[in-house]
Amino acid sequence: MAQDTRIPQVKVNDRAMARLRGGHVWVYASDVVDEPKAEPGTLVHVIGPKDKPLGSALYSSSSQIKLRLLCREQLASEDDLMDLARRRLAEAVAFRSQVVSGADAYRLAFSEADRLPGLIVDRYNDVYTIQILTQAWDRPSRKEAIVSRLRDLTGAENIVERVDERIRELEQLPQLAPHALCGSKTATVFTLNRASPGAAKEGTAGVGESGVQFHYDALSGQKTGAFLDQRENYAAAARYARGEALDVCTYQGGFALQLARVCAKVTALDSSREALEMAEQNEKLNSAAGRPEVEWIEANAFDLLKDYAAAGKQYDIIVLDPPAFAKSKRNLPAAMRGYKELNLRALRMLRPGGILVTCSCSFAVSEEEFLLMLTGAVQDTHRAARILERRGQSQDHPSLLGVPETSYLKCIIASIV
Ligand code: SAH
């Protein structure tokens, strides 16, 4: 087939070729040896040493991640690119129908993990959101094609474009406010972990048929919703939960509201007052007879756990879900100290047989390092921990083998003796 000469070529070095052959899809700027003058977001052909064709990629004129490989073939045109994108979006939707049940909110397309690098699509019940993280998908014609395909595949009537300001800056894209791309509804209520009829009998304790409900507002400046990547971990934690629970870094009540279904008492803390106000609104959505009221506390986790431990407070289950302490490998030592301190304090407050649910969403912290930190904390407190589950992000946030960055969340559930 005659090659389309309109597709620019980008030459990369051995290191980039090895990386791509290992299954990764990124080429860093430092591994590009010859780059044409291409428009931001252009479809390019990737050429390795000795003119080896390596595939087709999306080009960024500004990011350190210069290329994101789409496929091993040499796409011949913009039409080919958009056909591929439409197919990938269909695959992403089909995959969710395999792995998601009992929830009407989940990630529908997860960038590299769905081989749509730079594109995130989430569903919150009847409001869908799109986030564009690269120059490539910001082109109006491509964005329109994605929106139209999404509507065809899902019947979505309301689609909002959400904005990550920091990423738009890195990609040198103009700043914009979140806005509706189609439809007029931008806020809704969504449900996680609704049990299928009969499932409760099979031992899915705490996952009532009605599920746990949350408010979502795609346009509000303040982020609302829940951390969808923790959805399955909420249910997992609830399976072991009983008695008195403490949810540290609760945000808008994700773990706490699930635990309130099975525990006698739930205390939840966060340093953000706005997050806690929304958590209380969420609690109202879920209030039902027999459920304990959650005690919401605005505090710094380090200070409050110290005070509680000193006061001799004891719990049957403690969830630790702090923000990503390690943004990169550079601040790993400080991050590990932060994790250890929180875990130490939690371990001191767990009753014998109590459950620790401890999470890290830092990609820079490997599961191995996280478990080492936990081992140290268990040793320091002279306790013993049996691992019940080593978990990660929910399946609607898949990990793509070969692209380790798609696997970032660790959630260890342990029984503490
Ligand atoms: N568990 C939540 C997600 C937590 S995100 C869920 O499943 O939805 C991390 C949260 O930690 C944020 O809400 C943030 O406000 C809070 N946070 C950050 N630093 C904190 C600190 N030092 N003390 C308490 N909360 C903190």
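This is a predicted model: local features need pLDDT of at least 70, side-chain atom pairs count only at pLDDT 80 or more; totals for chains, interfaces and linings use all residues.
By class, nine residues of the shell are nonpolar, four are polar and two are charged. Among the 15 residues around the ligand, those that come nearest are Tyr234, Cys249, Asp270, Ala301 and Asp321. Three of these can be described in more detail. In the side chain of Tyr234, an N or O atom is 2.6 Å from an oxygen atom of the ligand. Asp321 places a polar side-chain atom 2.7 Å from a nitrogen atom of the ligand. Cys249, by contrast, is described through its backbone, where an N or O atom lies 3.0 Å from a ligand nitrogen atom. On its own, the ligand has 580 Å² of accessible area, and the protein covers 84% of that.

Let us stay with Cys249. Where does Cys249 sit in the chain? Its place is in the loop between strand 14 (244-248) and helix 7 (254-259). Cys249 counts as buried because its relative accessibility is 18%, and the cut-off is under 20%. Its phi is near 70°, a positive value in a residue other than glycine. For context, most residues other than glycine have a negative phi.

Ser111 also has a positive phi, of about 50°, although it is not a glycine. Ser111 is found in the loop between strand 7 (105-110) and strand 8 (119-124). With a relative accessible area of 6%, Ser111 is buried.

Next, please look at Thr129, which belongs to strand 9 (residues 127-132). Is Thr129 buried or exposed? Thr129 is buried, at a relative accessible area of 2%. Beyond its neighbours within four places in sequence, its contacts include Ile120, Val121, Asp122 and Tyr124, as well as Val160, Arg162, Tyr216 and Ala218. From Thr129 to His179 there are 50 residues in sequence, yet the two are 9.8 Å apart in space, C-alpha to C-alpha.

Finally, I come to helix 10, which comprises 17 residues, 332-348. From its first C-alpha to its last it reaches 24 Å, close to the 24 Å expected at 1.5 Å a residue. Its buried residues include Leu332, Met336, Tyr339, Asn343 and Arg345. What do the buried residues of helix 10 pack against? Their partners are helix 9 (301-310), helix 11 (367-380), strand 17 (315-320), strand 18 (350-360) and strand 20 (410-416).

Thank you for your attention.

Key. Residues are numbered from 1 along each chain as its sequence is written. Side-chain values use heavy atoms; hydrogens and water are left out. A residue is near a molecule or strand if one of its heavy atoms lies within 4 Å of it. A polar contact is a pair of N or O atoms within 3.5 Å; within protein, one must be able to donate a hydrogen and the other to accept it, and residues adjacent in sequence count only if both atoms are side-chain atoms. Accessible areas come from the Shrake-Rupley method with a 1.4 Å probe; for residues, only the protein chains shown count as cover. Ala, Val, Leu, Ile, Met, Phe, Trp, Tyr, Cys and Pro count as nonpolar, Asp, Glu, Lys and Arg as charged, and the others, Gly among them, as polar. Helices (H or I, at least four residues) and strands (E, at least two) are DSSP runs, numbered from the N terminus. The expected span of a helix is 1.5 Å times one less than its number of residues. Buried means under 20% relative accessible area, exposed over 50%, partly exposed in between (1.4 Å probe, protein chains only). Contact means heavy atoms within 4.5 Å.
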